Amino acid sequence: MKKDCIFIYSDDFQKYKFHDHHPFNQLRVKLTYDLLRTMNALDDSQIVSPRIATDDELALVHDRAYIEAVKAAGEGRLPEEIALNYGLGTEDTPMFPNMHEASALLVGSTLTAVDYVLSGKAKHALSLGGGLHHGFRGKASGFCIYNDSSVAIKYIQEKYNLRVLYVDTDAHHGDGVQWTFYDDPNVCTFSIHETGRYLFPGTGNVNERGQGKGYGFSFNIPVDAFTEDESWLDAYTQAFREIADFFRPDIILTQNGADSHYYDPLTHLSATMRIYREIPKLAHEIAHQYCEGRWIAVGGGGYDIWRVVPRAWALIWLEMTEQSNISANIPQEWIDKWQKHSPVPLPTEWDDPEDLYSPIPRKAEITEKNAQTVEKALYPIRSNRQKINL
Ligand SMILES: [Zn+2]
C-alpha cells in the first residue's frame, strides 16, 4: 500500500445537497469510495477526514458580505430578492439548510489536501468533494457556492509562496478559477472544455489569455461538441506538456470533472472511459517531472453518477497509488450493492465497449477544428520557443 497518497473523505460531503432532483449529487463520491474499498485499493491509513475551512480562509477569495449571505441563506433568513444578488436561490444553486457549513467543508477538504502535500506528509492527495470551479468572489454559480480550488491556490500562495498550475478537464469552462487569477503571473490556468457556444458558462474562448502581468498565463481549449477520445486526448496531451514546460510549476492542482463522457446528460461531448485513464496518468507524470510529485486532484462536474463518475474518479486514485494495472472487471460485490439504487444498469467493466455510440458523421471536421484551436491556444508558447531557437 502506498503511504504517500491520501484520500480525503467524509460522509458529511453528502450534506452539500440542493434537493432530491438536482443533477449535482455527492453520492458519486461515496460510490467511488465504496468501489475502491471493495477492491481493497484504499487502506484505512490513507483516508484522512477533511477539516472545515475558516471564514478567514474563505475570505482569501470570497467577499465577507457573500459569506454572510451564504450563512443567512443556510439558516433560512436571507430574503429571496437579496439572495438573487448573490446567485443564491436560483434553479442552479437553490438555497438549502446549513449550506455554509456544507460548502465550507468541501473547501476544507481541498485545504486538507494542500496541507498534507506541502508539509511533505504526502506526495499526492485526492479531494473528490472539491472541484467547485464556478464559484465567484461574491456570487454562487453553476452548482458551486465556494470555490475550493481558488481558495486553495490563494492559500498555497500566502502560506508557501509557490507557483501553481491549475488544470481543468471538466466539460465546462473553469471560469471561477480563471477569473480569480486572471492578472496573476504566478498562477497558470489551463481549461479544456466543450465550447461555450451552446454550453454553460459560455466563456473559455481561446483568446482569453489573462490580463496585465497575468497576460499569457491563462490557456483555454474549447473543443467542439461531439469531440471523441482521440481528438480530445491529442489536445490535452500537447497542451498540458507544453504549458508545464513553459510555466515550470511548483505544484499542480487538477480539477477532474467527469462530465465529458458520452453518457453525461448535461454536455455534448463523445468521450469514453479512455480519457479518464489518460487524464490522471499524464498529470502524475508531469507532477513528478516538474514538481517533485506535488499533485492535488479534486473532483468537479459529473452527472452520470452511476455509470461514469465512480469509474472515472476511482481511476485517479488507482493512478496516484500506482494500482492502475487492474483487472477488466468491476467487482461484482459493488454492483450487487448499488444496482438496486441505480436507474440504469451499472457497468461491469472498467472500459467502455467499442460500440458505445454510433459513428459521429462530422468526425474529420471536428478533429480538424480542434487541432486548429490547439494551435491557436499554444501559439504564444510555440512562437516564443521558435524565437529563442533562432
Ligand atoms: Zn462540468
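The buried residues of α12 are covered by elements that include β6 (218-223) and α8 (229-247). The model is predicted, so local features need pLDDT of at least 70 and side-chain atom pairs count only at pLDDT 80 or more, while totals for chains, interfaces and linings use all residues. Residues are numbered from 1 along each chain as its sequence is written, and side-chain values use heavy atoms, with hydrogens and water left out.

**Helix α12 and its cover**
- Helices (H or I, at least four residues) and strands (E, at least two) are DSSP runs, numbered from the N terminus.
- I366, N370, T373, V374, A377, L378, I381, R382 and S383 are the buried residues of α12; buried means under 20% relative accessible area, exposed over 50%, partly exposed in between (1.4 Å probe, protein chains only).
- Helix α12 (residues 363-389) has a kink of about 60 degrees at Y379, shortly before the proline P380; the bend is the angle between axes fitted to the seven residues ending at a residue and the seven starting there.
- S231 lies in helix α8 and is buried, with a relative accessible area of 9%.
- Leaving aside residues up to four places away in sequence, S231 touches T367 and N370 (contact means heavy atoms within 4.5 Å).

**Zinc site**
- D170 (OD), H172 (ND1) and D259 (OD) coordinate the zinc ion at 1.8 to 2.0 Å; donors are N, O and S atoms within 2.8 Å of the metal (3.2 Å for Na, K and Ca), and water is not among the atoms, so sites may look incomplete.
- H172 lies in the loop between β4 (164-168) and α7 (175-180) and D259 in the loop between β7 (251-255) and α9 (273-290), so the pair ties together parts that are 87 residues apart in sequence.
- H172 and D259 are both buried.

**Pockets**
- A pocket is an open set of points on a 1 Å grid over the protein atoms alone, where a 1.4 Å probe fits, with protein on both sides within 12 Å along at least five of seven lines; lining residues have an atom within 4 Å of a point.
- The largest pocket has a volume of about 340 Å³, a volume being the space filled by probe spheres set on the grid points, which are joined across faces, edges and corners.
- Of its 16 lining residues, D229, T272, P353, E354 and Y357 are the closest to the centre of the largest pocket.
- The second largest pocket has a volume of about 220 Å³.
- Among the residues lining the second largest pocket, four come from α12, the largest share.
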